[in-house]
Amino acid sequence: MNSNWAPKILATAIAVFPILNSSIQAQDAGALVDKLIKKGILTDQEGEEVRADMMRDFSQTSAGKVNLNSSITELKLSGDLRLRYQYDNRQPQVDNPTNLDQRSTFRYRLRIGADATLGANWSAGFQLQSGQNADSANQTFSNGFDNDAIFISRAFFGWKNDWASVTAGKQKNPFYTTDMVWDNDINPSGVIETIALHKLWGRRSAGEEVIQNSNWELNLITGQLWYQNNNEFAAGADFNTDGFLFVEQLVGSYRFSNDVKITIAPAWMTWTAAHLTNFRNENAYADVVIYGPTVSTKTTTSVVNTTEETVNATGTKTTRIVTPTTVTSVVTTTTNPDGSTSVNTQQSTVRPGSPITTILAVGGTPNQKTTSAKTIASATSASVPIPGPGALPAVSGESRGLNILTAPGDVSFKIGSLKSKAYWDFAYNLDGPGRYNDIYQLKTGNIATDSPHRYTTEDGIAWLVGLQVGETKKAGDWSVIFNYRRTGIASIDPNLNDSDFAMGELNVQGFTLRLAYQVADACVMQLSGYMAWNLVDNLSGGRATNRLNPTNAGIAQDNAVNVLQFDVNIKF
Amino acid sequence: MTRSSLFHLTGFLLALAPLAQAGPLIIKGSDTLGAKLVPQLAEAYKQKSPDTHFEIAAEGSTTGIAALIDNTAQIGMSSRRAKPTEMSAASAKGITLRPTIVAFDAMSIIVNQANGLTGLTKKQVEQIFTGDVTDWSAVGGKPGKISVYTRNTSSGTYSDWKELAMKKRDYAPGSQKMAGHEQIAAEVAQNPNGIGYVGLAYLKVKGIKVLPVDGIFPSAATVKNKSFPYSRPTFFYTNGEPSGAAKEFVAFTLSPAGQAIVSQVGFVNVQ
């Protein structure tokens with residue numbers, strides 16, 4: 001072969017190489033060019049021309065036209081789109097055509113994001129999603145093909161080495177948990193640190209050696225999260241104090257064999273006291289200023305002249321004009337938080353003295369008496385509405401806070417070839433009595449007359465047990481998830497828990513059943529059912545039942561909530 | 001247009017052609033090449049072709065390739081290869097970036113003359129320049145905080161060094177960025193704890209010492225046999241095959257006379 005042809009053939013072969021396999025970039029062939037130069041097959045100049053040709057070809061590809069900042073060493077773009085049909089039913093509403101608590105909705109959720117690796121230690125990323133609520137990015141298809149807004153759901157940067165990391169901003173939830181405590185959609189905001197304690201203890205010195213192939217791991221995860229932003233110039237201690245959530249969690253795991261592993265992750269979550277407002281989560285809890293029914297009175301005072309005409313048996317008519325009479329009418333209107341009203345009217349009459357005039361006349365129908373009245377003056381006054389029966393005293397101070405211990409965990413194993421796990425969660429609110437008695441202030445039955453329903457230990461405890469068989473990773477995979485939970489009304493934060501089970505309400509118990517099948521590597525179809533009913537029946541009043549003020553929280557507003565969802569989820 | 005007027009217009013354009021050629025040869029880009037080598041090549045070339053005027057601006061490889069793409073230079077000096085995005089930008093403007101290797105260089109590790117070290121490994125070089133190691137005692141030297149000197153970010157050497165010596169990692173947070181090789185050499189000569197990298201042409205500065213890497217010193221021989229780990233080609237980029245004065249100057253640079261100057265300045269010739 002003519003030696004002049006060799007570089008051209010090689011250049012062609014190398015240049016075609018990346019075209020045949022688009023995942024290989026032109027630069028990857030640089031090592032091959034170097035090797036050819038070292039072997040004397042190409043001169044340095046020929047090698048350089050080959051490189052330039054490859055680079056030029058690569059620059060014409062889609063990937064070659066993307067100009068990334070030189071600080072980015074890896075960029076991952078990802079997203080998912082979920083279409084959902086949802087039916088939910090809330091009792092005690094009866095099944096009838098006007099039942100507003102039965103809904104069928106078609107919804108979607110879109111999320112797109114980018115994660116960039118910035119060298120060995122740094123990273124940054126963001127995510128955009130179709131909903132504003134922290135616990136749901138769903139949008140409901142409605143109203144003449146309206147368009148929807150897009151929101152920032154993650155924006156963060158982080159630093160890490162081989163045993164620690166710090167991430168700041170709005171980020172993916174790093175805590176080991178279940179949806180009993182944290183909704184999967186929530187991306188907490190703040191600063192979160194992780195320390196792989198097992199790597200620290202495994203170090204032999206300041207050098208780099210760590211113990212390999214250990215069966216146990218122990219990680220510490222701590223978070224300082226921004227929970228509520230208040231105006232520091234507002235009046236009132238809680239109104240000008242920001243709310244924070246501090247979380248400390250130890251995640252320990254031990255692997256008994258390749259297929260069997262246990263994980264236990266106790267955590268302590270502390271919310272600082274602050275005025276809570278503007279939460280958008282499903283059945284969120286936030287403070288409101290006015291609670292209970294309002295009562296207003298309207299007093300009308302009228303001066304009336306009354307004329308009586310009496311005809312006796314003989315046809316003699318007597319006309320009598322009564323002296324002016326003062327009539328006072330008091331109308332008391334009670335307006336309930338749900339908009340219903342009740343009206344009570346009381347009337348009193350003051351007639352001073354005897355009739356002042358008597359006139360005798362003849363005519364008219366015998367044995368008949370007629371009376372006519374004419375108002376000659378009237379005045380009305382109305383009162384300012386005042387809290388009525390069931391209104392609650394204002395809350396303040398530490399009773400707004402929560403102090404929750406959790407202990408989720410799982411045992412993973414295989415059933416045949418199927419990855420499976422039994423899992424659980426437990427939560428106990430150390431400040432449960434304060435949250436229940438001082439904040440929620442619930443009653444049983446009639447809010448006007450019943451005495452308060454006092455806290456019991458069950459109100460401060462939540463627990464969940466579940467079993468998962470299979471997992472969806474690739475086409476043909478399937479999974480079944482079943483769990484049962486009980487969540488006392490004062491046991492967890494109603495602003496963090498799952499928005500699907502009982503529509504985010506507390507004071508509930510019930511089942512979740514979820515079947516999933518992966519029809520393609522990018523597509524999962526899923527059917528989910530949630531059946532929930534009350535732990536304590538007939539709670540009323542207070543700040544948690546939504547029976548007193550429709551603008552207030554509804555975290556315990558139903559006796560039963562059933563939800564059915566069918567999802568088609570595409571990942572890209 | 002009549003045949004006679006077409007004839008006159010053609011004659012006029014032909015008459016303008018020499019005027020267009022008479023403009024300066026504009027060369028922009030790498031400080032590595034533009035600080036010493038190219039000015040000396042230009043001086044020698046002017047002795048052969050006195051009518052040629054040069055405009056040389058040495059402000060970093062990035063500026064040279066950008067100038068070629070913007071058609072504000074005939075030759076872009078570069079101590080690094082063009083990036084895919086630069087290739088793409090050039091193609092969009094109908095420019096074909098063609099590299100011509102004019103010399104080889106070796107980015108040499110220099111320390112202060114007083115530094116007692118006798119050599120470093122590639123791993124130690126990476127650790128020092130990324131900040132993994134911040135004290136000389138960690139690499140066998142006398143205790144003292146290491147002062148790292150690097151080129152600035154528009155320099156091709158800056159990015160080349162990350163690729164050749166640092167596995168593309170970031171420079172140490174406290175590294176000091178210098179405008180040119182001469183400044184790096186001068187700073188290291190002044191600072192007993194200093195370390196930096198410079199091209200072969202800048203090793204004769206007083207007060208500095210060259211350290212071998214994995215036992216290999218930078219030299220023409222180790223560059224040519226590719227045993228020195230931090231050697232690299234340096235380029236003249238042109239728009240396709242060079243033409244006119246640029247073609248003549250590139251040819252002169254690659255000629256024995258030009259390559260002799262390359263060697264004199266301290267680079268390794270391509271012959």
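Predicted model: local features only at pLDDT ≥ 70, side-chain atom pairs only at ≥ 80, totals over all residues.
## Chain A overall

Six helices and 28 strands are found in chain A. The chain has 572 residues, and 29% of them count as buried. When contacts in chain A are limited to residues at least 6 apart in sequence, 66% of them join residues at least 24 apart.

## Strands around β9(A)

Strand β9 of chain A covers residues 243-255 and pairs with β8(A), residues 216-228, in the antiparallel sense. The pairing of these two strands runs over 12 bridges. Within it, A:Leu250 of β9(A) lies opposite A:Leu220.

β9(A) also pairs with β11(A), residues 267-271, through five bridges in the antiparallel sense. One bridge here links A:Val247 with A:Met269 of β11(A).

A further antiparallel pairing, over four bridges, is made between β9(A) and β10(A), residues 261-264. Here A:Lys261 of β10(A) stands opposite A:Arg255.

## Contact between chains A and B

On the chain B side, 17 residues are in contact with 17 residues of chain A. Two elements of chain B, α5 (84-92) and β4 (97-106), each give two or more residues to the side that touches chain A. Of the elements, α5(B) gives the most, with five residues.

By class, the side of chain B that touches chain A holds eight nonpolar residues, six charged residues and three polar residues.

Note on methods:
Residues numbered from 1 in each chain as written. Chains lettered and ligands numbered in written order. Buried ≥ 20, exposed ≤ 12 C-beta atoms within 10 Å, placed from the backbone. Contact = placed C-beta atoms within 7 Å. Nonpolar A, V, L, I, M, F, W, Y, C, P; charged D, E, K, R; others polar. Pairing = 2+ DSSP bridges.
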